[in-house]
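Biologist: I would like to go through some charged pairs and one hairpin. Please show me the structure before we start.

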Amino acid sequence: MSPPLPLLAVVSCLCAIWPPSARAGDAPEKLLPFDSGEPAGMEMSEDFECEIFQPGVRLFMDRNYTLLDPPAFLRGLSLVRGSLQGMSFRCTTAGVITLLTPDPAIPQAASLAGFLEERGFQRVDEPVFQLFGKSDLDRVRIYQKRMAAGEECRLERWAVLLGPENVTAGQRPLDAPASVPAAIPAKPDFSPGPGYSDSVRMFQGIPGIERAANGRLWATWYGGGVTEDKNNYILLHTSGDDGKSWQRVLVLDPDGTGPVRPFDPCLWIDPDGKLWLFWAQEIAGNKGRVSQTFAITTTDPGSATAKWSEPRLIGKGVMMNKPIVTADGRWLLPLSTWFADASSRAVVSSDHGATFADLGAARIPDAKDRNADEHMIVERKDGTLWMLVRTNYGIGESVSSDDGKTWSNVAPGSISHPVARFFIRKLASGRLLLVRHDPPNNGKSRSHLTAFLSDDDGRTWKGGLLLDERNGVSYPDGVQAPDGSIYIIYDYQRQRDKQILMAVFNEADVIAGKFASPGSRQRVLINQASGINPTVPAGADQSNRNSNAEGAALLAGPGAVLECGDVEEDSLEPGKTLFLDRAHAVAEVPEPLRGLKFQRGKIDGVHAVCRQAGVVYVMTPSEGRNPDSRETKLLGQDFQKVNLPEFPLFGGDPNLCSVFQKQMQVDEALDLGKWGVIVLP
């Protein structure tokens, strides 16, 4: 018999959510000796890589964490490297599996111990050990179970699965629903109550647009909540007067206050004249990694009272950009499973949308470069397919020469861009239209939304029509009318101004660099929500940078001496790389901090222990700017906000940062989750 094939899977179960009270230790634990019996066979439903469990091996596809020194009896077991955020598997042949998960006795550890014990896993009578890093949060227990053939589990952050043999990729069809709440689609609500009115909505953005043959316009976006959270819902509006006035048609909200959130809607009229409204759903907090894409359709897009189909599952992943139709009539849909190894997927339909199947996928080789994909595909004149992908370095590109079955690895291209959505589409003239951010000096802010044209399949670009120069404009989508008019929709200040806007122009305007053609328009307001977002401080100035005038004066005095583990120390200056596992570079630094030492760690967090008392500063996005803000956490640890104005540490508005400070004492610990940067005087 062949030796076991390595398998590691990242674990957390979406097939059930256990209550907070279900913790390891609620009842006496029954500890068992390690079972080295026949390993189970496994079929994996997500991307994975096979490896041997031995010191130095990288543990996750989307993290650079490496195995330290495991117990001898675990060395040499099989490991399938998956995403830290989630993976699912089915047992194909009965046998033993081994799971490693953080010790629940450690405060704040993301342990699955309680969940595993509820499902028949038993703890092995062996001590906890340090899996990677230096933090106690990464010390793990060992659990085992003899699984039966056919048993399934959907796993999330975080555990490690060892041991199975005969590991294969799952063959579940794209339209087979997963047994998770997010797989139950929202149904159209044509008479939503006052809770969905513009006057109460506190966040909105990420729009899409389409145009029917008779000129009727359709616009979609999502909103609700205070940011991208469990209270989000999809909105669909229409205009019968070329965008002068708009009316709401429907809302898609699967479960009100959550935990499921719908997001990233997309509108598309197919070659048969059918209008599709696509959207994704996930359990809030999963960040597109365990998502499903659904659609509803209408055959009458020229009518405001069109009848819509029942929701339909398209497949796993997220699709926020329009499909394309190739020269041979196939539909290619750009679905993504964020942060996975081959995440930028092409899904094909060869029967006018009756069925969909995975065709091929482009791989972003370095995990630190992976982001939300948001990829778009165009067919070039020579028949090759060109894919542009959002990455952590900006826009990457991939090419397929075999109709989308295989793709080159995603690599940096020549188009400068922040980490944000862009829009590219082939026009009726054969030219390519690209709408992207073009801030001065190759900046990385979400500003200066500009349209360009290419006559040579994207090798060179000409023109440059500035649609909106303000900071906080983002996420363009577009459509072209038969008369050549181009409609671009985008959002502005999703939490403050909460505007959905439109620009109308033609190719001559792009070449001329000005809105000159009859009917061209700029900053057409489609919708503005007016709910007061509690995370946006009152009195924010027009530059959208909060003054933080209520903060404390910057502490003087010597800096603390910190033991930070895996970090590099560098001087804080524009252009410096901020994180070990991301390419984000410093954009701006407040003058009092410029040149000070900062600790370059991993974006998901640094654990520091104070070895000599002194001052510590932390830079993190202000509360409400970014769901990963550490402001509340820091204030809870007696840090003070400093009276320095917000500044864009990198990227756009989500990364407008404030400074926090504290006089730390010897042996005091600081745990920064995603994301904060430590600075020392």
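Biologist: Is Arg600 buried or exposed?
Modeller: This is a predicted model. Buried means under 20% relative accessible area. Arg600 has a relative accessible area of 10%. That makes Arg600 buried.

Biologist: Which residue forms a salt bridge with Arg600?
Modeller: Side chains of opposite charge can pair when their charged atoms come close. For Arg600, the closest N and O atoms of the pair are 3.0 Å apart. The partner is Glu568.

Biologist: How many residues apart in sequence are the parts that Arg600 and Glu568 tie together?
Modeller: Arg600 lies in strand 39 (residues 597-600). Glu568 lies in strand 38 (residues 568-571). So the pair ties together parts of the chain separated by 32 residues.

Biologist: Is Asp468 buried or exposed?
Modeller: Asp468 meets Arg523 in a salt bridge, at 3.4 Å from N to O. The pair links distant parts of the chain, with Arg523 in strand 36 and Asp468 in strand 32, 55 residues apart. Arg523 counts as partly exposed at 34% relative accessibility. Asp468, at 0%, counts as buried.

Biologist: Which side chain meets Lys187 in a salt bridge?
Modeller: The N to O distance is 3.7 Å. The pair links distant parts of the chain, 123 residues apart. Lys187 sits in the loop between strand 11 and strand 12, and its partner in the loop between strand 19 and strand 20. That partner is Glu310.

Biologist: What is the relative accessible area of Glu310?
Modeller: Lys187 is exposed, at 55%. Glu310 is exposed too, with a relative accessible area of 56%.

Biologist: How many salt bridges does the structure hold?
Modeller: The pairs above include Lys187 with Glu310 and Arg523 with Asp468. The structure's total is 37.

Biologist: Why is strand 17 largely enclosed by the rest of the structure?
Modeller: Strand 17 covers residues 260-269. It is largely enclosed because its buried residues number 10 of the 10.

Biologist: Which residue is the bridge partner of Phe263 in strand 18?
Modeller: Strand 17 and strand 18 run antiparallel, joined by 8 bridges. Within strand 18, the partner of Phe263 is Ala280.

Biologist: Which residue takes a positive phi in the hairpin of strand 17 and strand 18?
Modeller: The hairpin has 5 residues between the strands. The phi in question is near 90 degrees. The residue is Gly273.

Note on methods. Residues numbered from 1 in each chain as written. Predicted model: local features only at pLDDT ≥ 70, side-chain atom pairs only at ≥ 80, totals over all residues. Heavy atoms only, no water. Buried < 20%, exposed > 50% of the residue type's maximum accessible area, 1.4 Å probe, protein only. Helix = DSSP H or I, 4+ residues; strand = E, 2+ residues; numbered from the N terminus. Pairing = 2+ DSSP bridges. Salt bridge = Lys/Arg side-chain N within 4 Å of Asp/Glu carboxyl O.
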